Each structure stands twice: as structure tokens, then as C-alpha cells.
Amino acid sequence: MISRRVSIKNSFLNHYKKRSYELMERVLKVYVYKEGQKPIFHQPVLKGLYASEGWFIKLMERDNRFTVKDPRKAHLFYMPFSSLMLQRTLYVPNSHNRTNLRQYLKDYSEKIAAKYRFWNRTGGADHFLAACHDWAPYETRHYMEHCIKALCNADVTIGFKIGRDVSLPETYVRSARNPLRDLGGKPPSQRHTLAFYAGSMHGYFRPILLKYWNDKEPDMKILGPMPPGVASKMNYIHQMQRSKYCICPKGYEVNSPRIVEAIFYECVPVIISDNFVPPFFEVLNWESFSVIIAEKEIPNLRKILVSIEEQKYLEMQLNVRKVQKHFLWHAKPVKYDLFHMTLHSIWYNRVFQIKSR
């Protein structure tokens, strides 16, 4: 896991970063491009694994605090496309060819570059996108290379650039009408399971996790896929709400919705993904509310967890509850929520880019 460590008391924004956030609230102006046809543009998907990009599209297009109608007044320019709908609309199943998806975005960027002067002014460096599909780093390569990319697949080995790009939290939203449904969990005194994981065997690493820890210890529930059905989904949620630590291993890619799920259900996330850039790492101290383990340490997973003193665990669990507000979607955005924190990271990186010149 890649992270520039920052020491911030109680995992909150420090004074300098808080001033940056407040300056954003006072100053930032964003122009949202109207170009682009549905369903790839302007049609957010608000439920499921890729809901983060959908909620950001919805809230950004409905916003009247940061957005401006005159692009000449904007500091940043947003391209509201859905990487999920791009895949659903254009990808030919089993073709193993994504060239047409990338070409579609190339044509779009050339269109706005021809119509407006703003893209050519900076080479797209003041333009941004939010994309949660695993393929988004590939789809936005080359022609959108200089843009600020808010990506769920925040992997430094496939082009994610720290200081320019933004790690977008991957949130599995179960109810589009109520994204906060089932929020919270049991207090620490009622969390009797040491560690919990259940999920599909995506990628090379999860089978290794089960090889070492499936049915090995009574206080560790390390399982494969849960059976389909509502009862099974509720059992999954209840297990997270009753566990001290929730294991968040990489799948096909470095990112996992379990990180935000763990925070959502007030379970301390255990992140096992060597090249993952955590969301909001420029303002949050992840080591104060999560456990970060190298993939090679999986045989020592239980030893690492039981070595954490109870007081340290209680502090981390409390910090999980404190930072939880930064990882929540609201139908009407509130201060320091996921929408605002993502926008701040985009703003912060753009200011950082300008200062670094």
C-alpha cells in the first residue's frame, strides 16, 4: 500500500488542510460540460459496486454552490461520464478489445477541445473526471493523460500519479434512495469475532488468504463467496457489524469496496494491497484507523492482529467512527462528506500542481 504518511491528531484535517478545505468552499468554481450523450454521459448509476462515480456525477451536476454557467469563471472543468456505462454500452463481450472505449473518450476530448479554448490552454490539466470501473485507468490513458483523474482503481503500477490523481473511495451502495441504510455497528464490547472476510475469489491473492485462514481459527471467519439472497446479504452486514477487524484484500485490482464498508459498519479495516493509494491520504492518517499489512505477511495475519493491544484497538475503532463522515454519500451533500472530500482532493492536487511549477 502506497501512502505519504502524515501525522494528524485523531485522523482529522489539520489546521493547514482545514484552511485549504475552507478556501475551496469560498473560492472554487467548476464548469460541468453539457456535451456528451446518454447513457455514457449525464446518466449516473447510484446503486451497486461502481456507485461512487454515479453519486459524484449526480451531485456535481445538481450542485449550485461550486458550479458556474460561464466557463470563463471556472478554475476546474468536469467531464461527467460514467466508466461503467461506457463499458456496458460499447464493450463487445468476450472480445478482449477495449480500443473502442478509449477511442470514444478521445473523440469526446477532441470535441470539447475544438469547441472551447480551455482544454488547449492547459493540455487538460485543469480538467477532471471521476471513474470507478476497473478499466478506467486504461480508458483515460494517453488522450486524457494530463487530466486529474479520481479513480477507484488507484494503482501506482498502472499509471496512477500521486500529486495529480485522486483515489476515489469505492462504495457499494445497496439503496439508491437511502445510501446510509444499515449505517453503524455494534460497540467494541459486543464485537466478539477477531476478523471477518467473505467474498469471491477474484485475483491471485484471495485464494491465498483462504488457504491460510479458512476454518483455521474459531475467532476468525475467513470465508469464500456468500450464498445469493437477501438473508445472506444481511448476514454479511451483521458479520461486519460484529467483528473487530474486517479484512480488505485486493481482488483483480488493488481497490476493494470492503474498505469503505468496514468504515460504514464501524469495523477496523485491515488493508492488504501493496500498491493501493488510500483515499484522502493527503489529509487523513490511515494508520490511526486501519491496519495496513503487506501481502507477504498473510501467514502472520492473526499474529499481527492479536498483538495489537486492546487500548490501541479501541482508539482505532473510535477513529473509524470519527472519519466515517468522510466516506458517506448524502442526497444533499454536507460539509466534509464524501462528495466534498473528493472535490477537495481534486482542488488540492490542482493547487499543488500549480505551486510545483
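Are Cys-132 and Cys-152 buried or exposed? I looked this up first: Cys-132 is buried, and Cys-152 is buried as well. For the notebook, buried is under 20% relative accessible area, exposed is over 50%, and partly exposed lies in between, with a 1.4 Å probe and protein chains only.

**Ground rules.** I am working with a predicted model, where local features need pLDDT of at least 70, side-chain atom pairs count only at pLDDT 80 or more, and totals for chains, interfaces and linings use all residues. Residues are numbered from 1 along each chain as its sequence is written, and side-chain values use heavy atoms, with hydrogens and water left out.

**Disulfides.** I took a disulfide to be a pair of cysteine sulfur atoms within 2.5 Å. By that rule I find 2 disulfides.

Cys-132 is joined to Cys-152, S to S 1.9 Å. I noted -90 degrees about the S-S bond, and this link is left-handed. The pair ties together distant parts of the chain, 20 residues apart: Cys-132 sits in the loop between strand E3 (127-131) and helix H6 (136-139), and Cys-152 in the loop between strand E4 (148-151) and strand E5 (166-167). My helices (H or I, at least four residues) and strands (E, at least two) are DSSP runs, numbered from the N terminus.

Cys-246 forms the other link with Cys-267, with the sulfur atoms 2.2 Å apart. Its S-S torsion is about 115 degrees, so I logged the disulfide of Cys-246 and Cys-267 as right-handed. This pair also links distant parts of the chain, 21 residues apart, with Cys-246 in strand E8 and Cys-267 in the loop between helix H9 (258-264) and E9. Both cysteines are buried.

In sequence order, the bonded cysteines pair 1-2, 3-4. Cys-147 is in no disulfide, and the nearest cysteine sulfur, that of Cys-152, is 17 Å away. Cys-147 counts as buried because its relative accessibility is 0%. Cys-248 is in no disulfide either; the nearest cysteine sulfur belongs to Cys-246, 6.5 Å away.

**Sheet.** Next I followed E8 into its sheet. I see an open sheet of 5 strands in the order E7-E6-E8-E9-E10, with parallel pairing; two strands pair if DSSP finds at least two bridges between them. Strand E7 (220-222) and strand E10 (291-292) are the edges, each pairing on one side only. Strand E9 (residues 268-272) runs parallel to E10, and 2 bridges join them. Val-270 stands opposite Val-291 in E10.
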